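User: I would like to learn how to read the features of a protein model step by step, beginning with the fold and ending with single side chains. Could you take me through one?

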Amino acid sequence: MSTLNQVIIEGNVVRDATVREKPWGTRFCVVPLAVNRYYKDRQGNFSEETGFYDVHFFGEKMLPELVKNGRKGMPVRVIGRLKQERWKNEDGKQVSKIFVVAQHVDFLKKAKTEKVDEAIESEDRKKALQSLSEAAAGLRSELDDTNGSFDAEDCEDTVF
């Protein structure tokens, strides 16, 4: 049986990127993302939900670029894989956390999100969500919407 563990998420940075270190010395960058989903509910009303995901970036060469560009509010697209860490807490209970290990990141242009913000301010909420949903479909079809990108494979000593 073959397996596939690939994820693509696009959202905005929630807090500035931070550099952390594993107990064995491997440094990595954590970028928390907020990802919005717009949909019609059962009654036909437009609704939204927001998910928050930590993205871990490994590779020493990536860290300065991520800290520089991974600022709060920055739109980002990440291609990576899901990883689950498990441990026992102070009470002896088994706990776990799922996060994304990045393999590729694109820093997106802010102009598109500014257009969405203007639409929300100028229309009532229902119309804004509807136009936002339509705009999101059109935005996803564009491929050249990045300010910069890089792959984890471009970095030496990448540890996943």
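Analyst: Helices (H or I, at least four residues) and strands (E, at least two) are DSSP runs, numbered from the N terminus. The protein has three helices and seven strands, and read from the N terminus on, its elements run β-β-β-β-α-β-β-α-α-β. This is a predicted model, in which local features need pLDDT of at least 70 and side-chain atom pairs count only at pLDDT 80 or more, while totals for chains, interfaces and linings use all residues. Residues are numbered from 1 along each chain as its sequence is written, and side-chain values use heavy atoms, with hydrogens and water left out.

User: How many residues does the protein have, and what percentage of them count as buried?

Analyst: Buried means under 20% relative accessible area, exposed over 50%, and partly exposed in between, with a 1.4 Å probe and protein chains only. Of the 160 residues of the protein, 34% count as buried. Accessible areas come from the Shrake-Rupley method with a 1.4 Å probe, and for residues only the protein chains shown count as cover; the protein exposes about 10,600 Å², of which carbon and sulfur atoms supply 48%. If contact is taken as heavy atoms within 4.5 Å, then among contacts between residues at least 6 apart in sequence, 62% join residues at least 24 apart.

User: Which residues of the largest nonpolar core touch the most other members?

Analyst: In soluble globular proteins, nonpolar side chains tend to be buried together. A nonpolar core is here a set of buried Ala, Val, Leu, Ile, Met, Phe, Trp, Tyr and Cys residues joined through side-chain atoms within 4.5 Å. The largest one has 20 residues, and Ile 9, Leu 33, Val 55, Phe 57, Val 76 and Val 78 touch the most other members. The elements that give two or more residues to this core are E1, strand E3 (27–40), strand E4 (46–58), H1, E5 and E6. Leaving aside neighbours within four places in sequence, Leu 33 is in contact with residues including Ile 9, Val 55, Val 76 and Val 78. There is also a second, separate core of five residues, among them Phe 28, Val 30, Phe 58 and Val 101.

User: How many aromatic pairs does a search of the whole structure find?

Analyst: A pair of aromatic rings is described by the distance of the centres and the angle of the planes. Rings of Phe, Tyr and Trp (its six-membered ring) pair if their centres lie within 6.5 Å, and planes under 30 degrees apart count as stacked, over 60 as edge-to-face and the rest as tilted. The search of the whole structure finds one aromatic pair. Phe 28 and Phe 58 form it, stacked, at 5.3 Å centre to centre and with 25° between the planes. Phe 28 lies in strand E3 and Phe 58 in strand E4, so the pair ties together parts that are 30 residues apart in sequence; both Phe 28 and Phe 58 are buried.

User: How many salt bridges are there, and which residues are linked in a network of them?

Analyst: Side chains of opposite charge can pair when their charged atoms come close. A salt bridge is a side-chain nitrogen of Lys or Arg within 4 Å of a carboxyl oxygen of Asp or Glu, and by this rule the count comes to six. Glu 10, Arg 77 and Asp 106 are linked in a network of salt bridges.
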